[in-house]
Amino acid sequence: MKIKFPTKKFSTALVLATAVSAATVSSMTQAADWKGWNIHNTGYPVTVAMESFIKEADKATDGRVTGRVYNGAVLGNQSDAIQMLQVGGIQFAGFNLGPMGDAVPEVNVVSLPFIFKGLDHMHRVMDGPVGDELSAAMEKKGIKALAWYDGGARSFYNTSKAIKTPADMKGEKFRVMNNELYVGMVEALGGNATPMAYSEVYQSLKTGVVDGAENNWPSYDSSNHFEVATYYSLTEHLILPECICVSVAAWDKLSTKDQVAVKKAARNSSALQRDLWAKRDTESRKKVLASGVKFNEIKDKSAFQNAMTPVYKKAVKDNPSLQYFIDAIQSTP
Ligand code: GTR
């Protein structure tokens, strides 16, 4: 808004007061138009929940926060999204915390393989004090987690054979998400790892650039990776929380009342997402198995778990503050 002052001289205080009240009026009348980054397609639990979040935020703030979810990573890959949130280029996003470790080292604790005992344990940790502390660490780096979504458990899948023991990973090249820790994870199991954007994985599996990847049932299904990598081995090595996150730059512009309303919308969307997730997890598993995926259930995962000792050691050596979070998670019942 351009403010025109008459030529007559005003006191500095009056000029300032006018400018401040003009800014207040403008922030009251101009809706914040939020861009939301999403990697998934229409109908995916994260997509539906993010859409519900922005719709409820719009309604609850009387249109002062309005926005749109951009699906299929059209706004860039996940590392771009993290940076865009930090500088306020986008205002919200929904993604797993895997690639967040570079920007917020404390968050790497959730990327330590087998750190969570199961989905319920992950919920108890993330909905409790540890989740709050991780959220505070993220906030210092410009990203605020309003609520946590589910991302199930990730397992390895590949094109040529079942992974029954770590020895079966030898000579196999796996796509991992963008985080050095995952390269170490695959190497500790005896395989090779290539960090790569999600959008490139299908083609890379098809053309043999990689032999496998790792993900949860719903993503294995929705990305169509199950068509080209037909062996799914239930390692369940990672249970990664996902967040509905906002840019602190956008958050700080909201009134306290609107922040409360937007946070509530995020919490409600998380309840919806977790519900949709549980259903989709079962449906996707059924669907890919019916399509002929060769499923390898690993009853005893101890060989995989034991191989992770050097991964934990290196992570703590690189970032000693992780030990506190490892202890806090492991001692959460
Ligand atoms: C999905 C997850 C995405 C993304 C993707 C990947 O399960 O929901 O945020 O991280 O995996 O493998 O890149």
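Colleague: Is the crossing in which H2 passes H11 left-handed or right-handed?

Modeller: Bearing in mind that this is a predicted model, the crossing of H2 past H11 is right-handed. A crossing gets that name if the near helix is turned clockwise from the far one by less than a right angle.

Colleague: Why are H2 and H11 called roughly antiparallel?

Modeller: The axes of helix H2 (residues 45-60) and helix H11 (residues 256-290) cross at roughly 155 degrees and come within 8 Å. Angles over 145 degrees count as roughly antiparallel, and therefore H2 and H11 are described in that way.

Colleague: Which residues make the contact of H2 with H11?

Modeller: On the side of H2 they include Val46, Ala49, Met50, Phe53 and Ala57, while H11 contributes, among them, Ala265, Leu272, Leu276 and Trp277. By class, this contact of H2 with H11 has 15 nonpolar, four polar and three charged residues.

Colleague: What makes H6 and H13 roughly antiparallel?

Modeller: The axes of helix H6 (residues 180-188) and helix H13 (residues 309-318) cross at roughly 155 degrees, coming within 9 Å. With the limit for roughly antiparallel set at over 145 degrees, H6 and H13 are therefore placed in that class. Their crossing is right-handed, and the contact is made by Leu181, Gly184, Met185 and Ala188 of H6 together with Pro310, Val311, Lys314 and Ala315 of H13. By class, six nonpolar residues, one polar and one charged take part in this contact of H6 with H13.

Colleague: What does the domain assignment of the chain give?

Modeller: It gives domain 1 (7-150 + 241-283) and domain 2 (153-239 + 287-330), whose C-alpha centres lie 28 Å apart.

Colleague: How many residues of domain 1 are in contact with domain 2?

Modeller: There are 30 residues of domain 1 in contact with 27 residues of domain 2, where a contact requires C-beta atoms within 7 Å. Helix H3 (78-87), helix H4 (119-126) and H11 are the elements that give two or more residues to the side of domain 1 that touches domain 2. That side of domain 1 has 16 nonpolar, nine polar and five charged residues.

Colleague: From which domains does the shell around the ligand draw at least three residues?

Modeller: Domain 1 and domain 2 each supply at least three residues to the shell. Among the residues around the ligand are Phe95, Asn96, Tyr198, Asn215 and Glu242, and by class the shell has four nonpolar, seven polar and one charged residues.

Note on methods: Residues are numbered from 1 along each chain as its sequence is written. This is a predicted model: local features need pLDDT of at least 70, side-chain atom pairs count only at pLDDT 80 or more; totals for chains, interfaces and linings use all residues. Axes are lines fitted to C-alpha atoms, for helices over the stretch in contact, and angles run from 0 to 180 degrees between N-to-C directions. Helices (H or I, at least four residues) and strands (E, at least two) are DSSP runs, numbered from the N terminus. Angles under 35 degrees count as roughly parallel, over 145 as roughly antiparallel, 65 to 115 as roughly perpendicular and the rest as oblique. Two residues are in contact if their C-beta atoms, placed from the backbone, lie within 7 Å. Ala, Val, Leu, Ile, Met, Phe, Trp, Tyr, Cys and Pro count as nonpolar, Asp, Glu, Lys and Arg as charged, and the others, Gly among them, as polar. A residue is near a molecule or strand if its C-beta atom, placed from the backbone, lies within 6 Å of it. Domain bounds come from an automatic or database domain assignment.
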